[in-house]
Amino acid sequence: MAENRPVRRKRYVDYSLLVIVFFLLAFGLVMVYSTSSYSASLDFEGDSLFYLKRQLISVVVGLLAMAITSLIPYTLYSKLRHPALLAAVGSIMLILTPLGYTANGARRWLRFGPLSIQPAEICKIAIIIFTAALLTQMSPGIRAGWKGFWFPIVPTGIICLMVFVISDDLSSAIIIGLIPVFMVLVSERKNIWPILILTLMVTVGVFAVLFVVKGWIPASMSFRLERILAWLNPEAYADGKGMQILQSLYGIGSGGVWGKGLGKSMQKLGFLPEAQNDMIFSIICEELGLVGGLSVIMMFILLLWRIRDITAHSKDYFGNMLVSGIFIHIAIQVILNICVVTNTIPNTGISLPFISYGGSSVIFLMAEIGIVMNVGSHVRFVEEEADEQENPYSAETD
Amino acid sequence: MNKDEKKAVKKLAKQNQSKVVAFRLGVLYIAVLLAFVGLSIRLIKITRENNDEYQQRILAQQSYDSKTLAAKRGEIIDCNGTILAASKENYNVILDVKMLLDADRQAGDNTCSFETIKALSETFGVEESIIRQYINDVPDSQYFVVKKGASYEEMKRFNAFTDKPTEENKATSLYNEKIKGVWFEKYYVRDYPQKSLASDVIGFSKSEGQASYGLEQYYNDELTGTPGRKYGFLSDETTVEITTIPATDGYTLVSTLDANVQMMVEKHLRAFAEEYKDNARPGWGAQNLGCIVMRANTGEILAMADFPNFDLTDPEDLSILYTDEQVKQMQDEGTYRDACDALWRNYCISNTFEPGSVMKPFTVAMGLETGKLTGNESYTCNGSLKVADHEIHCHNTNGDGTLSVKGAVAKSCNVALMYMSRAIGTETFLQYQNIFNLGLKTNIDLSGEARTENLVFNDKTLHESELATASFGQGFNVTMIQMCAGYAALVNGGYYYEPHLVSKILSPGGTVVKNIEPRLVKQVISNSTSEKIVDYCNAVVTDGTGWRSKPAGYTNGGKTGTAETLPRGNGEYILSFISHIPANNPEIICYVVIDRPNVSVQEDAKYATILSKQILTDILPYLNIPMTEELSEKDIEELSELDLSVLTGRIETGTDEAGDGEANAPDPSIDLTATQTDNEGEYTP
């Protein structure tokens, strides 16, 4: 192995990860076109390519972002704990300025000329960097205690609340709230169970409050309550909140094992709202059937396996936490999205990573993949100084 | 070394940390895997359990956007191509509020709704506040009717804002990209450019496929097109296919009516109604006035008019007969519909009345045709005749003295006719009543022709005294069109033509779908009998009761009628005069009926004969009937007077055709030519 050393100095690229990401992106573009062409041609004077073109631009920008982040040494981020927090807070506060931009009835975007960005997406990546850096900074003793829990959770909890209150975006807030909790859980600490139980209690408590104090619910919350009721019994709410979820189930159910064929969905013809966005998985199941839906799940399983594999071979704690955060982010989003589409949890707008239409989401996810690639490529430099015998990774890849 | 060792320990610790993270992430990965397995199971469950049911639900909720495309109702034009009824495109202005607000949201301000509301308000004259109110109230609406019945011009004006500028009109284009969510729904409305002209003949259509009265109702199937349809359906591969079946427009009717003749006739009817208005009683100059002008040798109706008439564009307007208070009262009492029907119905075909002495030529014809009369008989009239214990009076109670058959017709002697009916007998009378189509429908192509089969005599009701009065037109009812068609047969050689109003049916492209030729139904009397009847009827004008009816420059024949309405002795009469022109070779039949003229002494045929003369004086030159008589000075004087008083209302302007009709080939009037050209534009593909 000694003679290979000069070769090993070359940048390591996890091609299998890349292939999976590219596949998901390409598949996403096909599905975005399939799901959106009908509604786009209605809404944009026959321009059926409207959504596809915009998504294509986002993907190109995302590729650029990925290339850049994969070249920046990830160790740089460990010093960006405070700037990351500031960026998260700042981006949300900007919504309150005239830069804030309302679309589809919600003020969730920032607009810079032709560009519009969702601050919630900035927050997600910022919080991953912040939590990873903070945990790395702590001594293992502190990290193992309660302080190791509260220190990252309190500031991220505040950001989570800000996202919920300012941009009125429950789904992003849930994701932003869950990412640090799971990151703390996977960090080297002993008392996992109290934290798990605490998280569970908080979640249950929130729902309990929602149910018990009906009269106390502000107007913005009542529609969420309705969503919950619709979740429990979508048929009874078929005209209102239950409609989307019911249409989603119709889509999945009617697809059968092999699906109706690519482009032949009927639910996308105006029946399933947000077909190209949160509900794209339902259309995938309708057009490509159970086989298509399970294949997509399989691709995500592979993607997450690749990401976890990189943490397994990273000897650097910060890199490890960083990639864990990204793993958690993608995993939460995929699971919650499919849960919503299959009516496993109440309806809340969560997009399917890499596939759903949405510029900010794709760009920042690609940037995160870039970071994962960078961490992966730095594996070697740590290894060189370590005991080679203990490095199964190099043996595998040679 | 110490330093190195420390470093190594630190590194090991770090490795340890990383391994813990990697391990826990591995556990998390397994948890994620389990979640995915759970979700996959759920997916499989949904698919397996609900596949068929959900597939059906999806099919059930497909509406396919099925949409009816309106077909254009065919036109009705007169024999010169003047449009009597046509359908115009109209538009409902629809605002998609949701789309507009979405555009606002995308732009991040409310310029789109501002500009759109402004443009809508300016173009269609709808108040901005109304639109704003609606947008506020129903922001989800995709179908807000901003204005109903916008015209084509208004639609064009609005489209100037939404049509993208082309290379040529870049400078002048009004294009405003901020205007969103407005579209138009096309439909047709019926328009009657001649307003009240021939209103009772044409009838009206208020909604697509529905028509009331007249040609509109009779030819409804031909006029109504086949609406098109735009719909989607599921093909074998359960994909939605959109198919459009274009609408087929309705056929056009070419009527035998001549709008000019019709207008002249209506002018005179109206003039009469106005002249005697509030004369002996409040109200118009007569309860009803009717006039039919028909070609004697084809049965084509040139004009069919009655008074009071109504405006086809606003049939509910009863102001010609009633004040607003009366209308309101009728609406309260529930008699409003009846009043409407009375106004809308066509007097010439729907109302029945006793024909009176106009029946006399028919009675004489029966006798001559069956040989029961020779025409050489003579009768003595002493003013009355006793029939079956009834003393039946002649209208001339002093008696007409000794009369030939010809004289009996000319002087309209009831007694002579009663003697004749004795010779004819009930059997022959009933037989010929049937032959002359009395009691039967003429089958004119108009809706609403009255059934008179129970209003004429049959073998159970016709006895001696009934026969006697029936001979001069009492005791049974007829319609104007029956008398007109029957009289035409009497004078044209005996040929009974079915009267008709439509000569051609054209496709929307202008090709002839159907030619409606004159339909000869039967020969009712022989040529020689017909010649005798013509001779007798001519004597009515030259030597009898109809002397006032002779139009200057023409010869005519005819028969007057004065029939007392029931109950007898009330002093109310229906006056009529039927005539043929020219006298010896009848071409035109003109039948005028005045129902209870507004004069103190109604029993005077002169009202009908003078009205007939006025009408004929006007229309004969127009119809290119050559003048055969020298005009006396009195005639010329009369004509020039008429020119000033009555003729000025004609469609044609500036022609004194009455002065020297022969030289005066009537050229179609200016405004009619204009409409005609428009009309042709429609038909040349």
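**View 1. The two chains at a glance.** Chain A carries 16 helices and three strands, while chain B has 21 helices and 23 strands; helices (H or I, at least four residues) and strands (E, at least two) are DSSP runs, numbered from the N terminus. This is a predicted model, in which local features need pLDDT of at least 70 and side-chain atom pairs count only at pLDDT 80 or more, whereas totals for chains, interfaces and linings use all residues. Residues are numbered from 1 along each chain as its sequence is written, and chains are lettered from A and ligands numbered from 1 in the order in which they are written. Of the 398 residues in chain A, 51% are buried; in chain B it's 45% of 685. Here buried means 20 or more other C-beta atoms within 10 Å of the residue's own, exposed means 12 or fewer, and partly exposed is in between, with C-beta atoms placed from the backbone.

**View 2. Where chain B meets chain A.** The contact draws 38 residues from chain B and 49 residues from chain A, a contact being two residues whose C-beta atoms, placed from the backbone, lie within 7 Å. On the chain B side, the elements giving two or more residues are helix H1 (2–61) and helix H2 (97–107). H1(B) gives the most, with 31 residues. By class, the chain B side splits into 17 nonpolar, 15 polar and six charged residues; Ala, Val, Leu, Ile, Met, Phe, Trp, Tyr, Cys and Pro count as nonpolar, Asp, Glu, Lys and Arg as charged, and the others, Gly among them, as polar. For the complex, the predictor gives an ipTM of 0.86 and a pTM of 0.59.

**View 3. A helix pair in chain A.** Helix H5 (residues 119–137) and helix H7 (residues 147–166) of chain A pack at about 175 degrees, with their axes 10 Å apart. That makes H5(A) roughly antiparallel to H7(A). Angles under 35 degrees count as roughly parallel, over 145 as roughly antiparallel, 65 to 115 as roughly perpendicular and the rest as oblique; they run from 0 to 180 degrees between N-to-C directions, and axes are lines fitted to C-alpha atoms, for helices over the stretch in contact. Residues making the contact include Cys123(A), Ile127(A) and Leu134(A) from H5(A), and Phe151(A), Ile159(A) and Val163(A) from H7(A). The tally for this contact is nine nonpolar, two polar and no charged residues.

**View 4. Two nonpolar cores.** The largest nonpolar core has 143 residues, and those with the most contacts inside it are Cys291(B), Ile292(B), Val293(B), Cys484(B) and Tyr591(B). A core is a set of buried Ala, Val, Leu, Ile, Met, Phe, Trp, Tyr and Cys residues joined through C-beta atoms within 7 Å. Helix H15 (residues 414–435) of chain B gives the most to this core, with eleven residues. Leaving out residues up to four places away in sequence, Cys484(B) touches Ile292(B), Met294(B), Pro499(B), Ile589(B) and Tyr591(B). A second, separate core of 121 residues includes Val59(A), Ala173(A), Ile245(A) and Ile363(A).

**View 5. Lys230(B) and its neighbours.** Lys230(B) sits in strand E8 (residues 228–234) of chain B. It counts as partly exposed because it has 15 C-beta neighbours inside 10 Å. Beyond four places in sequence, Lys230(B) touches Lys67(B), Leu69(B) and Thr244(B). Leu69(B) is 161 residues away along the chain, yet the two C-alpha atoms are separated by 7.1 Å.

View 6. Most residues other than glycine have a negative phi, and most peptide bonds are trans. Ala198(B) has a positive phi of about 55 degrees; it's in the loop between strand E5 (182–191) and helix H6 (199–202), and counts as buried with 30 C-beta neighbours inside 10 Å. Asp278(B) also has a positive phi of about 55 degrees, but Asp278(B) is exposed, with 11 other C-beta atoms within 10 Å. The Leu566(B) to Pro567(B) peptide bond is cis, with omega near -5 degrees, and another cis bond joins Ile581(B) and Pro582(B), with omega about -10 degrees.

**View 7. Confidence along chain B.** Chain B has a mean pLDDT of 83, with 89% of its residues at 70 or more; pLDDT is the predictor's confidence in each residue, from 0 to 100. Over residues 644–685 of chain B, pLDDT stays under 50. Where pLDDT is low, the predicted coordinates should not be read in detail.
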